[in-house]
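Please look over the sequence and the structure shown below before reading on.

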Amino acid sequence: MLCSNCGTILSDDTTECSYCGYQLTESISYRGEKNTGGDMLAALKRALDVIRSLEAIEEKEIEFAQIRENIEQESQKILDDDMPGALVVLCLIVIIVAGEIGFTGEMRFVDGIIGAIVAVVMALIVMGLVYLTYSECTKNSRVAKANAYYNIQMEYLEEEEKVQRQKVEAFYKKTDVAAALNFLPEKYRSSGTIAYLIKLFNERRADTLKEAINLYEDEAHKQRLEEMQKAQLQELESRMQCPNCGGRNCTLMTETTTKKDGYSMSDGCCGFVLFGPIGLLCGACGAGEETKSKTYWVCQNCGNKFNS
């Protein structure tokens, strides 16, 4: 039976709703003949509240998982930040200066180029050693900074998760989820679907759950067809756009060609060598007509032809 106040599904011998405490004066079966549109509407509203709460819980769990991942990535970024911007700029300046000194230190152009290359290589080696030394010296501080950031952020996140778990536990203690949803097929247990079913009852387009579900399926099928037609139209429009000028004033054309193959002297001679006079008939093999059709678009603006 359904509670006529909140729509919760109860056993037939219940006299008081276990959810809202409403005193039941009449047993109304949600599957029987006594079930009315108002009772089913109340049950759907109750189910909508439960589904929205469940979806909010799921969204919150996804949000916590994303926050946890961001904290780990940021902590790793702090740990890997062993090349500050000032050191990068200093390396570039040293390399440029070394190259200029190596180039101007020689009289001939070729020797200058070789000198510049040698100077740059030496500068790279020196800066590499400087980088390794700096990275090793700052490793402990970076580890400490990354751990501090991770611990502070995770402590805050765990506190938020604890509050969320308490809310979820209170929700499940207060709400009999199975009782609120078991009259509805699992396929339709989403907030958008239930809201649409409620709309059908409010607009007096349906009096029973079966009628509402059938109307919902009809509308869903219609939307799928419209989406398919829209996708096909977009694909056709993209295919008929001229790749040369971008114009859409294109016409679909079909070109048919016929190729006639006659007697082949080379095949006949080969047949004569292999089989004697009767082998001359080999030259007639493959003779006949071959028809090919090709479909393509023709741009009326620039005359460009492209495949359909």
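## A helix and its span

Helices (H or I, at least four residues) and strands (E, at least two) are DSSP runs, numbered from the N terminus, and the expected span of a helix is 1.5 Å times one less than its number of residues. Helix α4 (residues 139–174) has 36 residues, and from its first C-alpha to its last it reaches 52 Å, which is close to the 52 Å expected at 1.5 Å a residue.

This is a predicted model, in which local features need pLDDT of at least 70 and side-chain atom pairs count only at pLDDT 80 or more, while totals for chains, interfaces and linings use all residues. Residues are numbered from 1 along each chain as its sequence is written, and side-chain values use heavy atoms, with hydrogens and water left out.

## Buried positions

Buried means under 20% relative accessible area, exposed over 50%, and partly exposed in between (1.4 Å probe, protein chains only). In α4 the buried residues include R142, M154, E161 and F171.

I213 lies in helix α7 (residues 209–239) and is buried, because its relative accessible area is 12%. Leaving aside neighbours within four places in sequence, I213 is in contact (heavy atoms within 4.5 Å) with P185, Y188 and L197.

## The nonpolar cores

A nonpolar core is a set of buried Ala, Val, Leu, Ile, Met, Phe, Trp, Tyr and Cys residues joined through side-chain atoms within 4.5 Å. The largest has 27 residues, and L44 and L197 are among those with the most contacts inside it. Two or more residues come from each of α1 (37–80), α4, α5 (177–181), α6 (191–202) and α7, and α1 gives the most, with 9 residues.

A second, separate core of 5 residues includes C242, C250, W297 and F306.
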